[in-house]
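Please consider the following note alongside the sequence and the structure.

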Amino acid sequence: MTIILTLALFLSMSLPPSLLRNASYLANFFHEKCVQKTFVPTKHPEALRALLCGEKITDVNLQENLQRTSLIHIFVISGSHLLLLDELLSILRIPLSVRFVLFFFYSLVASWQAPVVRAFLSLAIRAGLRLRALHLPPDLGVLITGLVTLVLFPTWWQSLSLQMSWCAALALCWGGLLRVRCSMLKIFLAQLAVFLLMTAPLWGFGSLHPLGILFNLFLAPIVAYALLPLSALAVFCSWGIVIFDAAMDLFLRLMPLLTEPVSLVRGAPSSSAWLWVWIFAWHCFMHLLRVSLWQGRDPAEAR
């Protein structure tokens with residue numbers, strides 16, 4: 001009840017639109033600095049800027065192949081980049097305060113886009129709850145993060161990228177909701193849930209295909225753990241450019257071979273209002289399922 005009342009209070013607030021304007025102005029400065037740093041003699045400058053700075057991809061072939069493989073969300077800076085960075089910095093035992101300074105500047109470099117900001121707020125809220133020894137179900141954490149994002153930046157009610165990011169984050173909660181212990185099964189379940197929940201926001205864009213589940217299972221780690229670090233290496237080391245170009249050449253040759261069975265059939269996209277209905281309906285369903293499965297059970301038994 002306390003959480004519901006708090007959310008209601010948040011939604012009743014109205015923050016000035018200047019907050020988003022000021023953040024966007026600051027983000028443009030850092031984004032341009034990032035783009036300038038990527039002017040290196042590589043054969044794939046557009047891919048380099050997309051990976052490091054979140055620059056929009058204009059190369060038709062690259063964009064189409066990424067859409068067919070459903071990898072465009074991880075190739076261009078998104079919330080998944082912040083989660084990956086958090087995972088890496090946690091392994092290196094970087095202090096939490098330092099991590100969040102880096103997350104903030106990384107969000108600015110990525111042009112302060114809605115998916116990145118939502119992921120940044122998610123990490124901040126999760127860390128704050130952890131410091132106070134509070135635990136929330138993952139799907140409820142996604143709900144709170146999304147609503148806080150909308151309170152801070154109300155113009156993003158019409159943001160399709162925020163809705164996509166919200167759906168993807170909610171899909172990743174299914175493993176925890178069902179208490180899946182096997183890591184591989186948990187990963188497969190997450191990708192299956194991503195495919196299902198993303199059907200509504202991706203409807204009309206022609207990038208829906210069941211093979212996307214396999215592409216995200218096997219190709220997404222290549223982008224996250226190989227191409228992304230190599231793109232950073234290419235900026236700081238001249239010999240890194242050679243390695244990055246070779247890796248990108250291999251990646252670009254591989255994608256058309258894998259995506260040959262996938263065709264992009266475009267249509268009319270879903271309306272923003274319908275997508276909000278879709279998102280909150282899934283929240284309600286997951287809450288009711290959690291109550292049905294676990295309420296009243298012994299915590300040790302539930303694990």
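1. Helices (H or I, at least four residues) are DSSP runs, numbered from the N terminus. Axes are lines fitted to C-alpha atoms, for helices over the stretch in contact, and angles run from 0 to 180 degrees between N-to-C directions.

2. This is a predicted model, in which local features need pLDDT of at least 70 and side-chain atom pairs count only at pLDDT 80 or more, while totals for chains, interfaces and linings use all residues. Residues are numbered from 1 along each chain as its sequence is written, and side-chain values use heavy atoms, with hydrogens and water left out.

3. The axes of helix H4 (residues 60-68) and helix H16 (residues 238-259) lie 10 Å apart, at an angle of about 55°. On the H4 side, Leu62, Asn65, Leu66 and Arg68 meet Phe251, Leu252, Met255, Pro256 and Thr259 of H16; contact means heavy atoms within 4.5 Å.

4. The largest nonpolar core has 52 residues, and Leu82, Phe103 and Trp112 are among those with the most contacts inside it. Such a core is a set of buried Ala, Val, Leu, Ile, Met, Phe, Trp, Tyr and Cys residues joined through side-chain atoms within 4.5 Å. Helix H8 (residues 114-131) gives the most to this core, with 8 residues. A second, separate core of 33 residues includes Leu66 and Val235.

5. Leucine 26 is placed in helix H2 (residues 18-37). Its relative accessibility is 36%, so leucine 26 counts as partly exposed (buried means under 20% relative accessible area, exposed over 50%, partly exposed in between, with a 1.4 Å probe and protein chains only).

Conventions:
Helices (H or I, at least four residues) and strands (E, at least two) are DSSP runs, numbered from the N terminus.
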